[in-house]
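Colleague: Could you put the model up? I have a few questions about it.

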Amino acid sequence: MGGGASPRPDNRVLIPTHGRKPAPPPGKTIQDFAGEAMGTTWSVRLVPPPESDRAVFQSAIEDELARIISLFSHWDPRSELSRLNAAPPGFWAVSEPFWDLLTKAMDLADDTNGAVDPALGALVDLWGFGPPGPRPMNAFGTNPTVPFEDEIVAARARSGWGIVRFNREARAVQQLGGVKLDLSGIAKGHAVDRVSERLTTMGATHHLVEIGGELRGAGVKPDRMPWWVELQQSPGSPSPRTVAGLFDLAVATSGDWIRNFQADGRTWSHTIDGRTGRPVDNGVSSVTVLADTALYADAMATALTVMGPAEGPAYAEAMTIAAAFVVRTDTGLTEILTPAFVAMMSEGA
C-alpha cells in the first residue's frame, strides 16, 4: 500500500460507506514525515493547524512509536512483553496500557476461536519468524530445515490463548513457564491507531498514518479529496488496481508472500495456525480488510487468513467485515469479495 495514489478510469475505487461528511482542513499545506520503527518503515502526512511547530509533530510521532516498542516488542529484551515472556512461573502485574491491549487481543481470540492468538510466541520462534532468528540450514546449506513433529508438539504445549490466565483484581498475567506472548498480529495496527489519535489531540485532525503497509486516514486533504491509497495485492492477483479513499478508515493486508521461507518443496508462511502448530496452508494467498481502526483491520486480516477460503468469507460476511480474499486454486488465483467490500466499490471517485 502507499499514500499518494490517485484513481484512474481503470481503477477499482473504494469509498467509505459511513456517510459522514468531513470538516474542512485547517490549512492548505501538507507536511510529510518518515522514519523507521518496529522493524519497518513508517510515514505520516498531515495538514497542520495554523502556527504549529513541525518539530513538535515529529517528536510526538517518534515518542508514540517508542512507547509502543517499550511495551509490546518481542524483539527488544527490555520491553514489558519480553520481560514477561522471560519471567519465572507466577502471576506478574503489568502496566495499564499493556493490560488494555492484551485483554483486547484475548477478546479477539475468543471472538475468532483462536484465529487471532496472542500466545503463539513459542511456535513463531520455532518456525524461525521470531527473535531467535531463521530456521537452521540443512546439512547441504541449501534450504532451512522444518521442525520435527516432537518440537511442534512441545511448542504447542506452551502456546495458545486458552492457557493464558489473568488475575483481574491485581491486573496480573500468569506465566506458566516458557509461555511467550506475541502481539505482533495487532501491534502495528495498534501503533497506527495510537499515532492517529495522538495527532488528533494535537489538532492535526486531517492526516494519513502508515506503518509497514498498514494505514489509517482521518479527515481529508486540503483539496477536500480523501487520502487515496493503493491496496497491496498478491503477486499475480486477478484483481484490478484498487485504490481506497481513507476518510476515517483503516486498511491492513495479510499475505503469504510478505515473510516466508522455502523448504521441503513448499513455501512456509509467517502466519501460524495455533490449531495445527504450523504455518497456514489453506490456499489463502492474501486478505485485505478495511475497518474503522487499524488494530481491527490488522487482527481480522490475520484471522480470516487462518480461517481459510470457506470459513473466512462466511465469518466476514456474518460480521459485516469489508474484506477481499485472494485464494490459490487448481486453475490459478481467484478473488472473493465480501458484501461489505462490494458495497464500498464505486465506478469513480
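Colleague: How many residues does H3 have, and how far does H3 reach from its first C-alpha to its last?

Modeller: Bear in mind that this is a predicted model. H3 has 16 residues and reaches 22 Å from first C-alpha to last, close to the 22 Å expected at 1.5 Å a residue.

Colleague: Which residues of H3 are buried?

Modeller: Phe98, Trp99, Leu101, Leu102, Thr103, Ala105, Met106, Leu108 and Ala109.

Colleague: And what do the buried residues of H3 pack against?

Modeller: Helices H1, H2, H6 and H7 (294-318), plus strands S6 (166-167) and S7 (172-175).

Colleague: What follows H3?

Modeller: Asn113, which has a positive phi, near 55°.

Colleague: Now H1. How many residues, and what span?

Modeller: H1 has 19 residues and spans 28 Å between its first and last C-alpha, close to the expected 27 Å.

Colleague: Which residues of H1 are buried?

Modeller: Phe57, Ala60, Ile61, Glu64, Leu65, Ile68, Leu71 and Phe72 are buried in H1. Viewed down the axis of H1, they fall within an arc of 130°, so they line one face of the helix.

Colleague: Why would that spacing in sequence put residues on one side?

Modeller: An α-helix has 3.6 residues a turn, so residues three or four places apart point the same way.

Colleague: What does that buried set in H1 pack against?

Modeller: Strands S3, S4 and S8, and helices H2 (80-85), H3 (96-111) and H6.

Colleague: What about S17, buried or exposed?

Modeller: Mostly covered: 8 of its 8 residues are buried.

Colleague: Which strands pair with S17?

Modeller: S12 (249-255) pairs with S17 in the antiparallel sense over 6 bridges. S18 (322-329) pairs with S17 (284-291), also antiparallel, over 6 bridges.

Colleague: What are the bridge partners of Val289?

Modeller: In S18, the partner of Val289 is Ala323. Val289 is also the bridge partner of Ala252.

Colleague: And Thr288, buried or exposed?

Modeller: Thr288, in strand S17, has a relative accessible area of 5%; the cut-off for buried is under 20%, so Thr288 counts as buried.

Colleague: What does the Thr288 side chain make a polar contact with?

Modeller: The side chain of Thr253, at 2.7 Å.

Colleague: Which other residues does Thr288 touch?

Modeller: Leaving aside residues up to four places away in sequence, the residues touched by Thr288 include Leu231, Gln232, Val251, Ala252, Ala322, Ala323 and Ala324.

Key
Residues numbered from 1 in each chain as written. Predicted model: local features only at pLDDT ≥ 70, side-chain atom pairs only at ≥ 80, totals over all residues. Heavy atoms only, no water. Pairing = 2+ DSSP bridges. Helix = DSSP H or I, 4+ residues; strand = E, 2+ residues; numbered from the N terminus. Expected span 1.5 Å × (residues − 1). Buried < 20%, exposed > 50% of the residue type's maximum accessible area, 1.4 Å probe, protein only. Arc of directions from axis to C-beta. Contact = heavy atoms within 4.5 Å. Polar contact = N/O pair within 3.5 Å; in protein donor to acceptor, adjacent residues only side chain to side chain.
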